[in-house]
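Hi everyone, thanks for coming.

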Amino acid sequence: MTMIVDRSLGRELKEALRHHGCVVLVGPYEVGKSQLARHLASEFGANSIYLRAGSSRDRQRIEGDNGLVRNSAGKLIVIDEMQDFDSGFDLVRTEIENAHIQQRDVGQFLLLGSGSLETGKLAAIKLGTKALTFHLSPIDVTELPGHGPPIVGDTRIEDVPNTVPIAPANDRVSLDTLWMRGGFPGSLLASNEKDSFEWRRRYLSAITARGYERLHTALSPSSVYNFFERVAVAQGQTFNVNNKLLPEQRPCLDHFEDLGLVRRLKPWFSNQTKRLEKDPKIYMRDSGLLHCLLNFATYDELRANSAFGHSWEGFCIENLIAASKGYARPFFYRADDDAEIDLVLEFSKSRICAIEIKGKTSKVTSGFARGSRVVGACCHIVVRPIPESTDRSTTLRDAMRTVQSMAQQL
């Protein structure tokens, strides 16, 4: 039997398809978009059709007066590789509009692309409000066995829909494994640490080898890789783009932030103009890619290095932001009097959560309390890499549950 993990976005996609009819799924390369879409299609059975726009045979089935898009009523039509099929967006839009005018049924469309930027931009231009766009991120802590319904042996006590294979039977995926390897399926599912590390090396090589001349004529693969190294070294630190990046690398920050590989965390200010003027903190969003860029192949190597704390901080921040389900705006806070908060989640002006992220033994300073008063936090959490929550410290899993609860109360 195969251990499964709930890709929570699957349920949201099903609900969106049921009520909206057209959904665009974007995300970083190799994050599992096609796998999730195939699983959704399998639930529709004979009423689903999976097509690749990059296949000439499938392209012929999509286009034409008798094409599948024009005969979609009652079906789920999944079209992958949409970044190479501009006219496909036009076909879908036209079919939705005609069905509305003629007051007839229309199928459900799930459109995917290997590059979130290209696909998302085309969807926004050609489909507008006729489609909902979702971003699939790497696997997070909530999707690992143990966070949700309890597991007995290899089977969940309650069936969880919209799941994808995550690990062989009898093999648990621990939080430390996710932290070390990151959430990309190709890395997380590798049979051993060496294979996982090599997958990440190949992934970074593939990402940097793509053509980025449209961002800057002087961008080469080595320059793009150097950009990632600079971001990795600066993990969790304030980042002045003009001082720390070469001129040709500066457009990379926007590009890879939009793609979902880099996070730019802005400082919290009551004056919103200052948020735009001050330097942000910078993070590699996937901890596995961070460790590969810093050349940490094992957990012991990471733990012996000073980068351990920055890695743990970034890993927690990504998972806590994911737990907010998009209902909170994330910031950090730092003042001249040493008041500091690692993560500020602003659900509303009156519902703000202040989160401090610490190692097992490092102390929480009085600056956290001062910062919490300034931002007006109604919730205070100190997260540590510990097995169980205590009165003063919380595990990452429990902290995420608290954040999820705040999101559900909105």
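Let's begin with strand 13 (residues 329–334) and strand 14: five bridges join them, and they run antiparallel. A quick word on terms: helices (H or I, at least four residues) and strands (E, at least two) are DSSP runs, numbered from the N terminus, and two strands pair if DSSP finds at least two bridges between them. This is a predicted model, where local features need pLDDT of at least 70, side-chain atom pairs count only at pLDDT 80 or more, and totals for chains, interfaces and linings use all residues. Residues are numbered from 1 along each chain as its sequence is written, and side-chain values use heavy atoms, leaving out hydrogens and water.

Back to our pair: Arg329 has Glu346 in strand 14 as its bridge partner. Strands 13 and 14 form a hairpin with five residues between them, and Asp338 in that turn has a positive phi of about 70°.

Now follow strand 14 onward. A hairpin of two residues leads from strand 14 to strand 15. Five bridges join strand 14 to strand 15 (residues 351–357), again antiparallel, and Leu343 is partnered with Ile355.

Is strand 14 enclosed or open? Seven of the nine residues of strand 14 (residues 340–348) are buried (under 20% relative accessible area, with a 1.4 Å probe and protein chains only), so strand 14 is largely enclosed by the rest of the structure.

Finally, an open sheet: three strands in the order 10-12-11, with antiparallel pairing. Two bridges join strand 10 to strand 12 (residues 281–284), and Thr238 is the bridge partner of Lys281.

How values were computed
Buried means under 20% relative accessible area, exposed over 50%, partly exposed in between (1.4 Å probe, protein chains only).
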